[in-house]
Structures are given as C-alpha cells and as structure tokens.
Amino acid sequence: MKRKWLAPLVGLAGLALCAVGGVAILLRPAATVNAVGDLEAPIAVIPPEVVAFDGLLSISVTAPGAFDVRTARPVDVFAWAEDDHTSVVRGLVSWDDVQVDDVNAGGSYVADGDGDLWRDSILATGETTIDPADVEPGVVIVLVSESGSSLGDVTLTLSRDRGNGWAWPVIAGGLSLIVVGLVILAAGLVESQLPTTRERERKGHDSVKKTSEAKKAKVDAQPKRKAKKP
Amino acid sequence: MTLTPMRAARPARVVRAAAAALAALSLAACMPPVPSTPDAPTLDAPGAVVPAQSDRIVSETMRELAAADGAKDPSLLGERVSGSAATTRATEYIVAANGGATPEVISETMLATYTTGSATWPRVMATVAEAADAAHTPVVLEWVQDDVQSEYQLRWWAHMVPGGVLPAMPGQSTGADQLSLDTPGFTLTPEQAIEDYVALLNAGASSELEEAFAPDPYRQRMFEARTALAASAAPRSGTYGDTVTARIDEAFVLADAEGGALVFLPLDVVSDFNVPGAQLSLPASDKALLQETLKARVVHRYEDLVVLRIGAAGSGLLPTVVAADHNLVSVATS
C-alpha cells in the first residue's frame with residue numbers, strides 16, 4: 001500500500017523540482033544590463049564609488065555636443081563645483097535606471113578646461129565610453145559641456161549574476177527523484193509478479209508432503225531383504 | 001465514485017495556484033537584487049598634484065619665463081609667473097639692460113618636487129631645479145595656488161645655500177602635510193622660528209638669537225654689508241639700516257618625512273642709506289631703477305625668500321636656512 005503512493009509522490013516531487021528549475025532557466029535575466037540616467041546639467045560628476053560598482057563594464061555618455069572628460073580628487077571636484085549646476089550620479093535605482101541628483105539647478109557654469117585641478121582631461125564628442133579599469137581608483141570623473149548646455153544621458157553597463165545558479169542542481173535533484181520514483185514503481189511491479197511468501201510457503205508445504213508420500217511409496221515398493229546372520 | 005462538478009474544479013484550482021506559486025517563486029529567485037552603491041575606494045595617490053600635473057605646471061611656467069626672458073619683457077609674465085617672482089624678474093631685465101648681470105636661466109630639470117595633500121587653499125608646490133651652471137647652486141622654486149579656480153603660479157625662488165641640505169620629504173603621490181604656523185611638535189613652532197629669525201636679521205650678529213640658528217651665508221652677507229655700509233656712512237654722520245619684515249600671510253610650512261618641517265618665508269627688506277648733505281652716487285644698473293633725482297638718501301627694497309628647516313621636537317637640530325635669495329626690486333630716495 002505504501003509503495004503504491006510512494007513512487008508517484010517521489011516522481012511528482014521530482015517533476016516539480018524540474019519545473020521550478022526549468023522556469024528559472026527560461027526566465028533568467030540578461031547577463032549584462034544597461035541602466036540609463038539623464039544628465040540635465042552642463043556639468044556631471046561620477047563619484048569614485050559609482051566607478052567602483054561591482055560588475056561595472058563601462059560608462060557611456062551621450063551628449064549633443066563636445067564635452068570634456070576629466071578626473072580629479074573628490075575633495076577638489078566638490079570644491080570646484082560647489083556653486084555650479086551639476087548632475088551627480090549616485091548609483092542605481094533599478095536595473096534600468098541610474099539615480100542622478102540635480103544639484104544647484106540654476107547655478108553657475110565654469111568650463112575652465114585647463115585648470116591645474118585635473119589629473120586627466122580629454123575632449124569628447126557624441127557618444128563616449130569610459131572603461132572603469134582605465135580610471136584611477138578613488139578619483140572623480142567630471143564631464144563638462146563645452147557649450148554649457150545639458151550633457152544628455154549616462155549609461156552604466158553592468159554584468160550581473162543571473163541569480164539562477166541553483167536551477168541546474170534543482171533540475172538534477174528533480175531528475176534524481178523521478179528516477180527513484182521509477183525504480184520504486186518498477187520494484188513494485190516486479191514484486192507484484194512474484195508469489196507471496198504465504199503462497200511460497202503453501203507451495204513449499206505441498207511439495208514436501210508430496211515428496212514424503214512419494215518416498216514412502218517407493219520404500220514400500222522395494223522387496224524386503226533378509227537380515228544376514230553374523 | 002462519481003465526482004460532482006464542484007468537487008472536480010477544486011483540484012484544478014489547486015493545480016493552477018500551485019503552478020502560479022511555482023512561477024512566482026522561480027521569477028523571484030531568478031531576479032538578482034539591484035546592488036547598492038559601494039564605499040568609495042581610497043585614492044592611490046592622494047597628493048594634490050601628481051607628476052603629470054606638476055610636469056604640466058613646470059613646463060608651462062618655464063615656457064612663459066623663457067618667452068619673457070627672450071624678449072626681456074615682463075609683460076609676458078603673469079599667467080604662470082607672478083607676484084614677487086615676476087617683480088624680481090622685471091627688475092633683473094632693467095638691471096641687465098643697464099650693464100648689470102643677465103638674469104640667470106632657471107633649469108627646467110627638477111631634482112625634486114614637493115606637493116601637499118591639502119584639501120584647502122591656498123596650496124603650495126615646491127621644486128628644486130638643478131643648478132644652471134657650476135657657478136650656481138640648485139634653486140628652490142615655490143608655486144602657489146590661491147583657490148580652487150586658480151592655477152599654480154611661480155611666486156618665489158631662492159638658491160640653495162652652499163652645503164644646504166633639504167630634508168627627506170613625503171613622496172609626491174602622497175603629498176606633504178601643509179601645516180599652520182602654530183603647529184607644535186618641532187624644536188620650536190614655525191611661527192616662533194619666523195619671529196626669532198626676523199628679530200635676528202634686524203638685530204644683527206650681536207643678537208642673543210645668533211646662537212639659536214645654525215650659521216647661514218644669507219644673514220652673514222646681510223650683516224657684513226650692513227657693517228660696511230654703516231661704516232662708510234658714519235664718518236659723515238650718516239646712517240645705514242636694514243628693516244626686515246616677514247610676510248606672514250605668504251609663509252607656508254610643509255611637514256618633512258623626518259618629523260621636522262620646511263618653512264617658506266618671504267621677507268621684505270628695506271635698506272636705507274642716508275648721509276645728510278651728501279650727493280650719493282649709484283652704479284648704472286641701480287640708477288636705472290631710480291625714478292627720482294638722487295641726493296643724500298637712497299633706499300633699496302628687496303623681496304627675499306628664505307627656506308628655513310626646523311627639526312622635530314627633541315632632535316636638537318638648530319633651525320637652519322637651506323635656501324635664500326636677496327632680490328632687489330626697487331631703488332628710491334625714500
């Protein structure tokens with residue numbers, strides 16, 4: 001009776017695990033993601049903690065005109081941009097959206113590209129991609145529009161753990177359970193084809209009885225010998 | 001057994017609910033959480049000016065200086081060379097044009113660069129340029145950045161005194177601490193060292209402070225000149241005197257790597273030679289600087305830089321002048 005339910009239960013559990021794992025694999029998110037944010041100010045600041053994002057593959061900036069890409073010490077940049085209208089990239093709101101704070105809206109704008117503050121400064125146009133590996137750890141990336149107009153947008157491209165590393169082990173476990181269920185089922189079927197113990201015992205008793213009767217008949221049928229005298 | 005329709009629907013709903021829960025579970029498990037912003041990494045090179053920056057600053061400064069030197073035109077200075085450095089150079093052009101010495105070319109090759117790790121302004125950067133020739137010693141140059149929007153400008157320079165030794169300084173990538181004048185921890189505070197040294201310069205070799213500082217050729221020459229000029233004025237009841245004033249607001253202190261400090265001390269020196277009733281005469285080069293008619297009194301003004309080394313508390317090191325220049329900037333009758 002127990003085996004009758006055990007096999008389907010184990011099999012169903014295996015199927016359920018396979019289904020969960022399968023859905024997880026089918027619905028897995030993309031391995032890389034592009035999060036976008038608007039840079040409304042003519043100056044944008046990307047602090048070192050954003051550049052240090054785990055899995056950050058690139059920072060792309062799309063601007064309508066020419067702009068400078070500079071780097072400097074954080075303390076210097078925040079003193080330099082203290083009164084300027086600045087877009088500060090803070091991090092990720094979601095996998096699709098970059099959090100950008102608009103600071104000092106209506107504030108001043110100073111381009112001064114040749115200042116001694118900057119460790120690096122290059123002129124860029126259109127879409128420009130920055131490899132975080134090329135940025136010295138701890139420095140701030142500063143984007144400065146040449147014309148003073150809004151910069152455009154910033155895209156952070158990140159690789160991410162798809163979060164489904166458990167799916168294949170779960171599927172393997174489910175398959176194992178299905179196999180176990182099938183084995184239990186097969187064992188039950190085989191067992192049902194074999195005689196039960198009582199039947200075997202009964203058959204065994206009958207055969208013993210028949211054998212002893214046959215032996216007795218055989219003995220009776222033999223001619224009796226005279227005992228030899230010593 | 002026959003199932004009623006209601007009973008038959010129940011397992012179907014259960015299956016659908018289970019499937020939905022399964023899908024939701026899978027979805028939730030699939031979507032990794034949005035990472036939070038990590039802590040900012042520390043700077044590999046926290047100094048205010050890394051080599052790429054200082055190279056640019058030095059290069060642009062020397063280019064401007066070379067252009068002005070070539071044309072003997074001080075109006076070409078001002079972007080990278082300003083303040084006393086520009087004033088001194090302008091004076092040297094006039095002196096050179098009137099038979100005086102040609103301005104010494106300052107080498108673009110820097111033997112050392114000292115920067116700060118400061119987060120405030122004004123900031124200082126100092127370099128040591130190699131000697132222009134065998135007749136000269138290396139030159140300590142001082143740049144100042146007044147505020148975050150300004151560029152570093154060469155304001156002062158001074159030749160190292162013969163035998164002068166600069167202390168080991170923190171690496172450029174780290175930058176030296178830029179200290180306030182009242183910072184303790186030295187044989188005396190920078191402020192006290194400045195006050196005492198200026199008092200010594202004004203008082204002369206007979207001052208009790210003479211023993212408080214290591215001997216240096218800067219004050220030795222000043223005292224010798226003072227003695228000689230005073231002696232030449234005395235027979236005619238004339239006087240000669242030097243008035244030395246520290247530009248405290250323009251002084252900078254950089255901590256060295258040995259627990260001591262380097263004090264960059266700008267000085268104004270006014271040398272007043274007055275012989276009542278006499279008609280003084282001057283060399284042509286000095287006369288070229290004079291805008292008035294020379295009579296019995298002549299006043300030379302100098303803008304000097306003295307680089308003073310002070311030791312760590314307990315080191316026993318006497319404050320020592322390691323670099324100093326006496327730069328004539330004007331000649332007048334009062």
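Me: When do two strands count as paired, and what is the bridge partner of B:R301 in strand 11 of chain B?

Reply: Two strands pair if DSSP finds at least two bridges between them. Strands themselves are DSSP runs of E with at least two residues, helices are runs of H or I with at least four, and both are numbered from the N terminus. Here, B:R301 has B:S330 of strand 11 of chain B as its bridge partner. Strand 9 (residues 297–310) and strand 11 of chain B run antiparallel and are joined by 4 bridges.

Me: Before we go on, what kind of model is this?

Reply: This is a predicted model, in which local features need pLDDT of at least 70 and side-chain atom pairs count only at pLDDT 80 or more, while totals for chains, interfaces and linings use all residues. Residues are numbered from 1 along each chain as its sequence is written, chains are lettered from A and ligands numbered from 1 in the order in which they are written, and side-chain values use heavy atoms, with hydrogens and water left out.

Me: How many residues of strand 11 of chain B are buried?

Reply: Buried means under 20% relative accessible area, exposed means over 50%, and partly exposed lies in between (1.4 Å probe, protein chains only). Strand 11 (residues 328–332) of chain B is mostly covered, with 4 of its 5 residues buried.

Me: And how do I check the span of helix 4 of chain A?

Reply: The expected span is 1.5 Å times one less than the number of residues. For the 27 residues of helix 4 (residues 167–193) of chain A that gives 39 Å, and the end C-alpha atoms are 39 Å apart, so the two agree. An α-helix has 3.6 residues a turn, so residues three or four places apart point the same way. The buried residues of this helix are A:A167, A:I171, A:G174, A:G181 and A:I184.

Me: Which side chain meets B:R80 in a salt bridge?

Reply: A salt bridge is a side-chain nitrogen of Lys or Arg within 4 Å of a carboxyl oxygen of Asp or Glu. B:R80 meets B:E60 this way, at 2.7 Å from N to O. B:R80 lies in the loop between helix 2 (51–71) and helix 3 (83–97) of chain B and B:E60 in helix 2, so the pair ties together parts 20 residues apart in sequence. B:R80 counts as buried at 2% relative accessibility, whereas B:E60 is partly exposed at 26%.
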